[in-house]
Amino acid sequence: MANKEEQLELFLKIGLDERTAKNTVANNKVTNNLTAVIHEAQVTDGCDRTVGNLLYTVATKYPANALVHRPTMLKYVVSAKIKTPAQLEAAHSFLANTASESYKLNEFEEACGVGIEVSLEDIEQTVNEIFDEKKSLILEQRYRTNVGDLFGHVRKKLPWADPKIVKQIIDSKLSELLGERTAADNEKIPKKKKEKPAKVEEKAVAIATLAEPSEEELNPFLIFPSPEENFKVHTEVYFSNGSVLRCANTKEMLEKHLKVTGRRVFTRFPPEPNGYLHIGHAKHFPGYVCQLWSGKGEKRMLLFELCSEGLWLRDLCPATTFDDTNPEAERKEYIDHIQEIVKWMGWEPFKITYTSDYFQNLYELAVELIKRGHAYVDHQTPEEIKEYREKKMNSPWRDRPIEESLKLFEDMRIGKIEEGKATLRMKQDMQSDNFNMYDLIAYRIKFTPHPHAGDKWCIYPSYDFSHCIVDSLENITHSLCTLEFETRRASYYWLLDVLGLYQPHVWEYSRLNVTNTVMSKRKLNFIVTNKYVDGWDDPRLMTLAGLRRRGLTASSINAFVRGIGITRSDCSMIRLDRLEYHVREELNKTASRTMVVLNPLKVVITNMEPGSVLELDAKKWPDAPADDASAFYKVPFSNVVYIDHTDFRMKDSKDYYGLAPGKSILLRYAFPIKCTDVILADDNETVLEVRAEYDPSKKSKPKGVLHWVSGPSAGVDPLKVEVRLFDKLFRSENPAELDNWLADLNPQSKMVIPCAYAVPALKDAAVDDRFQFERTGYFVVDKDSTPDKLVFNRIVTLRDSYGGKGTK
């Protein structure tokens with residue numbers, strides 16, 4: 001693989017300026033494309049700068065569905081038959097419409113102006129004609145005239161004229177007509193304020209929203225081909241011998257596929273059942289994975305019918321296909337969890353399959369691969385394989401006879417060869433620039449029963465062998481995965497090509513990376529297995545089970561995923577605040593209000609009769625209508641109430657709104673109280689009890705408002721509940737980058753308050769009920785609750801640092 005210095009030198013040779021060349025080297029995709037274009041054009045020793053700039057345009061804008069025709073077009077560029085950007089743009093347009101079909105050269109040449117010479121006199125004459133036509137407007141606007149409009153008029157009449165010459169002549173003509181710039185020409189025209197549109201009646205607005213949707217709105221799935229278009233070349237695989245595999249289905253193969261699928265879209269969610277799903281997997285659920293960026297940078301979204309509205313893809317068939325090729329790591333617990341949590345997330349697959357359902361098919365295709373000379377049985381150890389791959393050396397057994405590999409592979413299947421003593425490897429390209437073409441392993445021996453297939457097999461296919469084949473056998477139309485698999489595209493298409501199988505359309509997108517957590521299944525499995533957390537559904541984890549137990553809803557997770565979109569930028573880290581923003585947005589509307597005191601401080605109201613209890617109304621919602629009884633709950637008010645310790649200070653200050661000696665506050669939904677005395681412990685610092693008087697007339701209007709609780713009757717304590725406060729699991733934003741990532745675990749990520757006080761109305765709360773504890777945060781009833789004691793998990797705090805505003 002060429003290093004960056006060699007690539008930079010190559011790009012400078014074709015005339016790119018140094019800045020453009022360096023920016024290109026920094027972009028792997030453009031670098032690979034431009035390098036391929038330079039080699040195809042046979043200009044590795046350099047070329048004219050004009051040709052080089054056109055080659056750069058080819059590398060960045062050439063239509064992917066017509067790659068088969070690119071070498072021919074490049075001959076026109078190098079020979080200067082196509083020499084302007086306008087001609088190149090026309091060539092791209094012609095070939096995009098042609099795709100991989102054949103075409104007539106004379107039609108191509110006519111479409112992009114080959115052989116047409118536009119003289120200087122022709123350009124001058126055309127510019128003069130346009131200036132004569134627009135003269136009055138030009139004289140009125142002077143140097144504020146839109147030169148782009150003038151240029152556009154010239155291009156309509158002379159599409160193949162050299163744009164640089166056109167620009168020079170337009171500028172010269174403007175100067176000749178208008179003379180030198182004046183001070184008035186250089187003055188900026190103040191922008192007019194846009195008038196606010198007049199308000200219209202609500203009925204009119206409603207009618208406007210029912211306007212006929214545009215074609216683009218009806219068909220937003222423009223970045224991918226439709227099932228019928230999957231014969232176009234969209235990926236090229238370069239081999240070290242100079243050959244190129246242009247990945248595409250033949251029309252005959254595609255027709256066979258379309259008959260099976262009924263021209264419907266088939267996609268799949270392919271989890272490996274070796275752990276619990278995390279929030280990153282939510283990005284892959286069909287319905288969200290197709291929120292894409294179009295070439296114009298506009299955000300487009302496709303919602304599938306199964307998940308939401310289903311626009312263009314009314315007949316989408318999303319499946320769950322368990323990639324269960326490693327029996328040592330897979331358990332039925334994980335399979336059951338995945339099915340259950342996917343359903344909880346709101347997605348119902350049209351079918352559930354397993355890679356193990358295809359073990360017989362995969363075995364037969366492995367035999368066929370050997371027979372075709374594209375696989376061999378190898379006896380290298382894992383260490384030797386690694387060493388040989390690093391040195392790009394062939395295995396000593398790579399060229400063994402086909403019959404010998406067939407016999408040994410059969411011995412592997414029937415258990416005659418010990419585990420670790422042989423593998424089946426694909427014969428790919430050990431000299432490739434892509435390490436995922438270094439004779440990947442197709443089968444290995446494992447004497448381990450399979451959780452789904454039982455003990456029938458002692459050889460198991462690898463991901464690299466099974467993934468693409470199962471996609472093909474299941475007639476997947478669009479195979480979607482994350483960017484770390486992009487380099488595996490070459491192996492994916494190579495294998496399908498040598499076996500003569502249908503090829504799905506592959507597209508990769510960026511992983512979801514969230515701050516202050518780890519998303520690697522290996523790391524998650526480690527902290528769960530070694531009890532750094534309390535299981536896969538620990539509320540501190542970003543597993544979907546953990547988030548559900550934390551109190552997040554599927555709809556808030558889906559809103560978060562929709563909000564961040566699907567891109568191919570693989571270096572972004574999404575702040576945890578952003579997820580919490582979506583959670584608060586939903587809970588602020590759905591979680592009823594209640595009062596819970598986490599750290600109770602006893603307040604005795606001295607001017608209220610001991611034993612007397614008043615029943616007061618408290619609001620479940622901030623805007624509860626007074627005539628709706630269901631929007632209120634009852635709270636008892638007696639001469640003993642409890643406020644939070646953090647709401648009392650011995651010394652008052654201007655910016656403090658809590659209770660202090662001699663100060664008044666309002667007990668929410670109740671009465672103003674004024675602190676008259678404080679009972680301290682023997683250390684003369686610890687506050688044990690506060691004495692206060694209340695104002696039954698409510699004439700005083702203190703600024704501070706506190707939440708509180710009281711017992712249901714005289715001498716009876718309030719309802720006791722356990723409250724668990726969760727915080728970020730790791731202190732660093734990206735702990736996965738740290739060598740000692742375990743040392744970054746936050747020791748304060750879980751705090752348990754065993755005896756908080758709650759209002760009596762909460763005693764009937766059920767598991768998964770969600771509430772806003774006023775002035776404290778959002779909480780959910782945990783599954784550890786018992787009839788004797790409720791347990792609440794904090795979902796999020798009230799403070800909203802992402803959205804920049806609080807909640808009521």
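The second largest pocket has a volume of about 910 Å³, a volume being the space filled by probe spheres set on grid points joined across faces, edges and corners. A pocket here is an open set of points on a 1 Å grid over the protein atoms alone, where a 1.4 Å probe fits and with protein on both sides within 12 Å along at least five of seven lines; lining residues have an atom within 4 Å of a point. The model is predicted, and local features need pLDDT of at least 70, side-chain atom pairs count only at pLDDT 80 or more, and totals for chains, interfaces and linings use all residues. Residues are numbered from 1 along each chain as its sequence is written, and side-chain values use heavy atoms, with hydrogens and water left out.

The lining of this pocket comprises 32 residues, and Pro270, Glu272, His281, Glu484 and Phe485 lie nearest the centre. At least two lining residues each come from α16 (279–282), β10 (441–445), α21 (463–473) and β12 (478–482), with β12 giving the largest share, three residues. Helices (H or I, at least four residues) and strands (E, at least two) are DSSP runs, numbered from the N terminus.

In total, the chain contains 26 helices and 29 strands. Buried residues (under 20% relative accessible area, 1.4 Å probe, protein chains only; exposed is over 50%, partly exposed in between) account for 49% of the 808 residues. Cysteine 481 is buried, at a relative accessible area of 10%, whereas cysteine 755 is partly exposed, at 33%. Zero disulfides are present, a disulfide being a pair of cysteine sulfur atoms within 2.5 Å.
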